[in-house]
Amino acid sequence: MPPKRKAAAATGSRPSKRVASGVNTPVSMGSSDDEYMSDDPDDYTPQNDDYEETVKKFQPSSYRSKNPRPQESDQATRLFRSDKELSSLELKPDHAVRPLWLDPEKGRIVVETFSPSFKQAQNFLINIAEPQSRTTNVHEYTITGHSLFAAVSVGLTTDDIIRQLEVFSKTKLPDSLKEFIFTSTQSYGKIRLVLKHNRYYIESQDASVLQMLLRDPVVGPARIHETDELIQEKAPQLGGLVIPGTKDAAGDDDDDDEDEDDKKDEAEQDMTAYLRDEDDDDEGDEVHSFEIDGEKIQAVQQQCNVTLGLPLTNEYDFRNDDINANLDIDLRPMAQIRYYQEHALSKMFGNGRARSGIIVLPCGAGKTLVGITAACTVKKSAIVLCTSAMSAYQWKNEFLKWSNINPDDIAIFTSGEKEKLNQRAGIIVCTYSMVTQNTRRAHDSQQVMDFIQNREWGLMVLDEVHVVPAEMFRRVTSKIRSHSKLGLTATLLREDDKIKDLNFLIGPKLYEANWLQLSEEGHIARVQCAEVWCPMTTEFYGEYLKARTTNKRSLLSTMNPRKFQACQFLIDYHEKRGDKIIVFSDNVYALEKYAKRLKKPYIYGDTPQREREMVLQNFQQNESVRTIFLSKIGDTSLDLPEATCLIQVSSHYGNDEGFNAFFYSLVSKDTNEMYYSSKRQAFLVDQGYSFKVITHLTGIDKVEGLHFRDTSSRMELLEDVLMAGEESGSGPKGKPGVRRTAGALSEYAGGKDMAYIEYNKSRNKELKKNKPTSKFFKDIQRTNEKRKAAAKADM
DNA sequence: TATCTCGCAA
DNA sequence: ACCCATGCGAGATA
């Protein structure tokens, strides 16, 4: 889908900034005059050029560069030196040029972002640790068993990890940490989960490990054949492998496509070398195994991963699989794999097999193409799981576009469409819910489901894989038998802590793109995030305090007239500079109110498809439609590349829409919204975005036709809101159909008083969010119009 | 084919 | 460290 993105979304080649200068400043900020003003100026953040230079010069053995910001270092030093656990650790004499602080007890790592070797350290850490937070001056990571498993899975050795850490650390590596890394990594990669003839086996070169496993109260009973003998056989051999579309991923003979742009960095080359080495090494002579009940693999995997600390590796030696039919599929020559996509794929196929795991790529960076290329590499039957029917269509279309697959060999399986697939090999694209549904199935649905469950799949692609830990969706991993699983997502953040389950449900994180780098190179959009704090009016705040239900309160906060005005101002401001604006509200009542009063089109759940299409088409093509209001429709899979500004009026969840330029979140001060805002901030920061807090919108007074300037109009609004709050909770719930109509009129009056503060000055943030393709509209149309006919005609 | 009910996710 | 609401997929019904 990368190519479908419009101009802003980077078709690759040009790393230039596509955002006009000046775009970096959201609205013009008021004077930063109040006490919130942050006191850590950003001016000593190294500039990119210098920075690059410095990094280049930096060599682990020659620490000539001097710490560019000693005061920071001193601060951090004090911080850590005061910690009793750390006080015993001796600083290296040249600690100033080394970026890492280690907390051996908690496995915590703090990186100084201003260090000359920050980038190198970051590239390394992303492979061995889990990112915890990113602030201006320090990033925090944690080393865990899982993160080390991921590191090992991708080819790093115990030695590599310890050696590199030692290089970057300000102190001598504590023995306890070394010990932890050593013991953790030693046990990894010892046992594998293997699918063969539609049965699952646990396999190892070390029979004693298997015997030990069999004594486990969870694993033991899951064994199927109760003979005491382990199965023993020859280990398969590997050979060279070429990933289609890449230069020469595994480094042997021939190839089809050529791929010019390539920015393989050294680290990556090294990595490939590691992979090869390991691969040669671990080709043992024979392996032992025992069969386990397919129904119990989830429990077994969890037990091994969590309790025993012996995660099961999933690798599929697809080239030596002569049981499952080959699929005739290749990338078309036009398909250009970008360097980071290639890196991701080389992590997956680095040792000539398909290893199961997760690839994290920002939206618009081309996740679909990665999935398709994986399928073209394995060349066996593949099943793709999507969160929505629309997304399923997009996947199928992308397959047809980027690969030469015979249209008869790819089928959609959703509630609306049950396409047939021939018996040999093929690709099925379906929704998670179609597969995981527990209730009665329609007849044809059951047929396809049987087909799916009886087949031994070579590859399972799990789109938006962060949804998989959900109770319902996680069933896919046990219902469908697949030799390998590839999870794709833009974010591994969830509200709960279930994201960890992906380690045994799918596999370790194989690759995570560096958003900063991608955005610098123009592969994904840059974003400016800002939070606008809007004081409540006295009338509204009075009612707010009186309100009993949270529902009513949230309605009052989102309908806060000053927030409305801020919204109006921002729309006005950005329309004038030529932006296309999407205003988002998850409250339908507010959505409608705002939109109607500002005379903007809006779409929400009950908006008929036909009307959605109209509105969206106009937004995309009609110059005069610059702003639309959306509810949470398209939470999954709405992508409007032309939007350059997002304003969020009401949303409880951190929401990760990807935008090309601006992202505002409007928050009513002193309300619950503030409470939630900290969560949102954390989310944005974790995503790598920086954001600002704006407490004053300069020039808001001057907006022509600014609504709610006078008290009477505000009172009028208040009454309306209170009424809505009464009936059936929050207004627009109850029956779809009875929507309140907007009040009328707009008045004029005085502005606000807010001051601007910069919250997290930090570096540029990026934004990234993942949405499949851009043809949202077309696909809806297609779906609706003719599930069958249109699909055919189109293809 | 259109519209309803239901369950689920975050 | 909200809770709910909202939206959607799937099946059933006419």
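Q: How far apart are the closest N and O atoms in the salt bridge of Arg 577 with Asp 579?
A: This is a predicted model, in which local features need pLDDT of at least 70, side-chain atom pairs count only at pLDDT 80 or more, and totals for chains, interfaces and linings use all residues. Residues are numbered from 1 along each chain as its sequence is written, chains are lettered from A and ligands numbered from 1 in the order in which they are written, and side-chain values use heavy atoms, with hydrogens and water left out. A salt bridge requires a side-chain nitrogen of Lys or Arg within 4 Å of a carboxyl oxygen of Asp or Glu. For Arg 577 and Asp 579, the closest N and O atoms are apart by 2.5 Å.

Q: Is Asp 579 buried or exposed?
A: A residue is buried under 20% relative accessible area, exposed over 50% and partly exposed in between (1.4 Å probe, protein chains only). Arg 577, at 32%, is partly exposed. Because its relative accessibility is 7%, Asp 579 counts as buried.

Q: Which residues are joined into one network by salt bridges that share partners?
A: By the rule stated above, the count comes to 30 salt bridges. Those that share partners link one group into a network: Arg 192, Glu 203, Glu 315, Arg 353 and Arg 355.

Q: Which residue in β18 is the bridge partner of Ile 358?
A: Two strands pair if DSSP finds at least two bridges between them. Strand β11 (residues 357–360) runs parallel to β18 and is joined to β18 by four bridges. Strand β16 (residues 459–462) is also parallel to β18, with three bridges, and its Leu 462 has Gly 487 as partner. The partner of Ile 358 in β18 is likewise Gly 487.

Q: Which residues point the other way from Lys 485, Gly 487 and Thr 489 in β18?
A: Strand β18 (residues 485–489) is mostly covered, since five of its five residues are buried. Lys 485, Gly 487 and Thr 489 point one way, and the other way point Leu 486 and Leu 488.

Q: Which are the edge strands of the open sheet?
A: Four strands form this antiparallel sheet in the order β1-β2-β4-β3. Two of them pair on one side only, namely β1 (100–103) and β3 (130–134).

Note on methods
Helices (H or I, at least four residues) and strands (E, at least two) are DSSP runs, numbered from the N terminus.
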